[in-house]
Amino acid sequence: MDDALAEHIRLTAEKGASREEIQQLLLQAGWPAEQVKLYVEKTFKKLEQGEIIRAHSLSKRFGDNIVLDNAEFDVKRGEIFGLIGMSGAGKTTLLNLIVGFIKPDSGDVMLALPDGTIQSALKNPELIKKHIGFSTQTPSFYNKLTVRENLEHFARLYHLTEPDLTRRCNALIDLVGLKESRDVPAVHLSGGMQKRLDIACALIQDPSILVLDEPTADLDPILRKQFWDLIKQINGKGTTILLASHFLAEIELLCTRIAILQNKKIAQLGTAAELRNIYSKNYEIYLETETKDYDKLLKDLQRRKPYIAKITKEAGELIIETPQPEHVLPAIAAFLEHQKGNVKSLHVARPTLGRVFEAVVKK
Amino acid sequence: MISDVIELVNKNLKNMIRAKAGSLVVILGPLFVIFLAGMAFDNSNVYAVKIGTYRPDADAVTTSLLDQLRDQFKVIEYGSQTECIDAIKNTDINTCMIFDANFTIGVPAKNQITFYVDYSRINLVWTIMQTMTQEVGATTLQASQNLTRIILDTLDYTHQRVADQREVVVRLTTENELILKNTQDLLAELGDLNLEFDESGFQLNNLTSAKTQVKQWVDSAISLGEKGLSKSTSFIDAANALVKTSGANSQAQANLLANFQKSVDEIKTLKATMAETKTLTQESFKKFDAQITRVQEAISNTKSNLQGADTSRQLSLRVLEAVAGLLDKSLLSIIEVQKAFNDIDNKINAIEIKDPAGITQPIVTTIKPIVQEKTYLNYLFPVLIVLVIMFTALLITPTLILLDKHSPASFRTYMTPVKDASYILADFITAFIILFLQVIIILAISSIFFSSQVLANIPEAILLLLIINSLFILIGMAIGYIFNNEETATLGAVTIGALMLFISDVIIPIESMPEAFAYIAGFNPYVLASSLLRRTLLFDQSLIAVYGDILILIGYIIAAALVASGIYLLTRRYSLQQLIKDLSPVLAKVHFKKK
């Protein structure tokens with residue numbers, strides 16, 4: 001009964017009803033007053049502190065092509081939420097649904113607002129404009145305008161007052177490190193600087209959520225690292241980040257939680273560790289020698305079968321999955337001693353997000 | 001190689017056909033233009049030409065001419081020339097036909113028909129000139145033939161009469177030759193006549209009688225003198241006696257006797273003189289008589305001569321009588337010829353039209369502009385400026401919109417809480433500013449060529465150009481919102497521009513189109529706009545005079561604004577999705593693949 005009441009309160013809240021309205025409704029429906037007050041407060045507190053975005057049963061098709069089918073997930077306030085999936089899995093479509101560029105065929109996107117209310121983004125597109133900043137793979141600003149002019153232009157469109165506008169622009173220029181280039185036309189900025197300007201533009205209205213779609217697709221590794229540092233910095237100031245990327249290693253390092261989009265649905269959702277655990281609780285020992293001849297080792301490992309979960313050989317590299325690497329490593333050490341300096345690489349690791357992703361995709 | 005080419009062509013066609021809007025515009029646009037242009041131009045008639053006319057004197061000739069025109073055109077009569085010309089300016093009629101007062105075919109200064117035309121519609125002017133030349137030309141030709149026929153008839157009559165008189169002239173020539181011969185004969189006769197005589201021989205009788213009388217007077221005078229002298233002598237003798245018997249002193253007697261003696265002496269002298277005179281007189285008279293005799297002889301000779309002359313005179317009289325007879329006959333012939341001349345003269349005088357210009361061109365048509373003479377550039381200025389504005393607005397506005405549509409920044413603008421109306425208004429104002437500047441530049445440059453024309457109506461011109469600008473900008477906006485790439489938008493804009501151009505009076509006059517088409521073309525924004533500008537700039541009409549057309553344009557503006565806004569709202573989301581595809585190459589790739 002309590003769970004049903006809590007769910008009812010949550011659903012009503014997500015339809016945009018205030019806590020007073022919900023209380024009134026529940027009282028009229030005959031729920032006990034004390035229970036109503038307790039559950040309403042609890043549910044709202046959970047919503048306020050927890051989810052900032054909740055995607056409900058989002059479905060979208062383009063002609064006969066179903067892109068999303070009842071996709072559901074939530075983004076918690078203050079986290080960096082990563083969305084991964086194969087090309088064409090629907091990541092961009094999902095993000096576009098969230099920012100209101102595309103209307104879903106069914107489902108809704110609920111936003112928890114700073115004032116404590118929960119509103120449907122579909123019914124209140126203005127809320128998206130106010131509370132969500134968006135940045136795509138291609139920087140979106142006016143090339144002929146300078147850094148400052150771009151920021152001022154978008155700030156004015158968000159109706160910032162002149163003092164707020166100046167303050168906000170200066171703060172963002174400082175944040176993205178474009179102080180020296182503030183009067184340089186955007187077209188003359190380097191790729192990394194343009195990306196930073198794009199982020200600054202996305203943050204101009206001080207949104208509580210920043211949505212990034214493949215933000216580092218065109219950047220080299222150094223610029224990518226700088227960019228992720230900036231994202232962490234922004235997140236550190238309290239902005240919730242929702243991003244889609246195909247750089248899984250970086251996603252793994254950066255994101256609080258990760259959703260894997262597969263078969264038009266959210267196939268997996270959790271922290272990197274949770275995803276790894278879902279995939280496998282084993283460790284993986286990666287070994288590569290000059291000769292790539294592992295027969296002697298494989299024979300030796302046969303004797304330690306209880307500690308071996310799986311052995312695979314990929315591109316000359318031997319991958320040994322084991323729940324207890326300490327029982328396998330002595331055999332490898334003996335093998336390497338016999339090889340006499342023939343080793344190229346050896347390391348022990350938990351499965352990477354890439355391997356988890358591969359596993360999910362293969363399923 | 002051929003298979004490669006076929007494959008590539010196949011690919012190109014597929015690409016084009018699958019770009020739906022593009023292929024629709026590429027294929028249907030020109031088809032539509034050609035279809036409409038074909039409908040409009042596929043004729044050679046002048047369906048809707050309206051002719052205004054003013055004739056100071058309504059008579060049978062002008063009525064007949066107008067009735068002839070009524071068979072093909074709508075003819076409206078006006079009460080004055082000004083009313084008629086104003087009707088052209090108000091576009092109620094296309095040409096105004098003014099007849100001369102007392103219009104008379106073939107009579108210079110009365111045979112002129114003046115066509116007033118709007119030179120700013122130059123193709124209509126040529127059409128009207130051609131048509132009117134044909135229509136009036138037929139009447140003119142008929143009149144010219146009639147007049148020529150009269151002249152030819154007269155010539156024929158003259159020819160006949162001259163032929164008739166040729167015998168009379170021959171006869172007259174013969175008679176005259178005869179008269180000449182007789183006269184020559186007479187001259188010869190008269191040439192032989194000697195009429196010389198001594199003039200001193202005249203008045204001889206008078207001289208003889210005068211001599212006799214003088215002789216008598218001389219004799220009588222001498223006789224009287226002698227008697228007088230005898231009496232004087234007797235008187236003196238008596239006086240002497242008296243003196244001597246008187247008692248007068250001797251001295252006095254002596255003096256008297258001396259004086260008497262002196263007088264007796266003088267009388268004696270006188271007697272002697274008289275005797276001498278008598279002698280001399282006798283001699284003179286004898287000489288005189290001898291002279292008279294010689295004169296008489298001369299006269300006798302002269303008389304003989306004159307008798308000869310008389311004979312010649314008698315002969316001459318007979319000759320002259322014959323000449324007089326011949327002259328009588330010649331006179332009759334001359335009278336006959338004169339009568340023929342009079343008839344010919346009367347016949348020629350009966351020809352009313354004697355001016356060669358009147359015969360060769362019995363009706364003179366003149367084409368005059370309804371406004372002060374200007375160059376073709378002046379006349380074409382309103383059409384040209386609207387043309388420039390139309391195409392600029394139709395091309396620049398979609399370009400501006402598509403520029404922003406395709407700009408990655410536009411999606412960020414979309415993210416801002418800016419109302420749709422603001423976007424639409426901003427697009428309009430941006431294009432408006434650009435085109436306004438263009439209008440100012442055009443007007444500035446135009447003022448170099450037509451300073452008086454432009455400057456005189458600058459406020460009206462600017463206001464109208466802004467209205468026209470607004471309309472075409474809104475049409476351009478609708479095009480910009482419909483299409484998603486610049487090529488198709490440009491093609492769409494060119495198609496719409498070409499349609500407006502074809503269904504206007506730029507290529508052929510609207511009046512030459514089928515009536516239904518012409519009616520629709522009358523509402524073509526381009527036609528309305530150029531007509532408004534023409535009426536204001538060329539005819540100096542006030543905005544109040546053209547308010548009807550302005551209201552229609554404003555109606556179009558409202559409609560175009562609604563259409564553009566509607567299209568914007570309908571296509572906004574689609575455009576955004578297209579932009580997102582561009583911004584997210586991965587998504588685009590997948591979508592295209594799957595489609």
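Author: Buried means under 20% relative accessible area, exposed over 50%, and partly exposed in between (1.4 Å probe, protein chains only). C255(A), at 8% relative accessibility, therefore counts as buried. This is a predicted model: local features need pLDDT of at least 70, side-chain atom pairs count only at pLDDT 80 or more, and totals for chains, interfaces and linings use all residues. Residues are numbered from 1 along each chain as its sequence is written, chains are lettered from A and ligands numbered from 1 in the order written, and side-chain values use heavy atoms, without hydrogens and water.

Reader: Which two residues does the disulfide join?

Author: A disulfide is a pair of cysteine sulfur atoms within 2.5 Å. The whole structure holds one, over all chains. Its S to S distance is 2.0 Å, and it joins C84(B) to C96(B).

Reader: Are the rings of F432(B) and F436(B) stacked or edge-to-face?

Author: Rings of Phe, Tyr and Trp (its six-membered ring) pair if their centres lie within 6.5 Å; planes under 30 degrees apart count as stacked, over 60 as edge-to-face and the rest as tilted. The centres of F432(B) and F436(B) are 6.5 Å apart and their planes are at 10 degrees, so the pair is stacked.

Reader: How many aromatic pairs are there over all chains?

Author: F227(A) and W228(A) form an edge-to-face pair, 5.5 Å centre to centre with 65 degrees between the planes. Both residues, F227(A) and W228(A), are buried. Over all chains, the count of aromatic pairs comes to 11.
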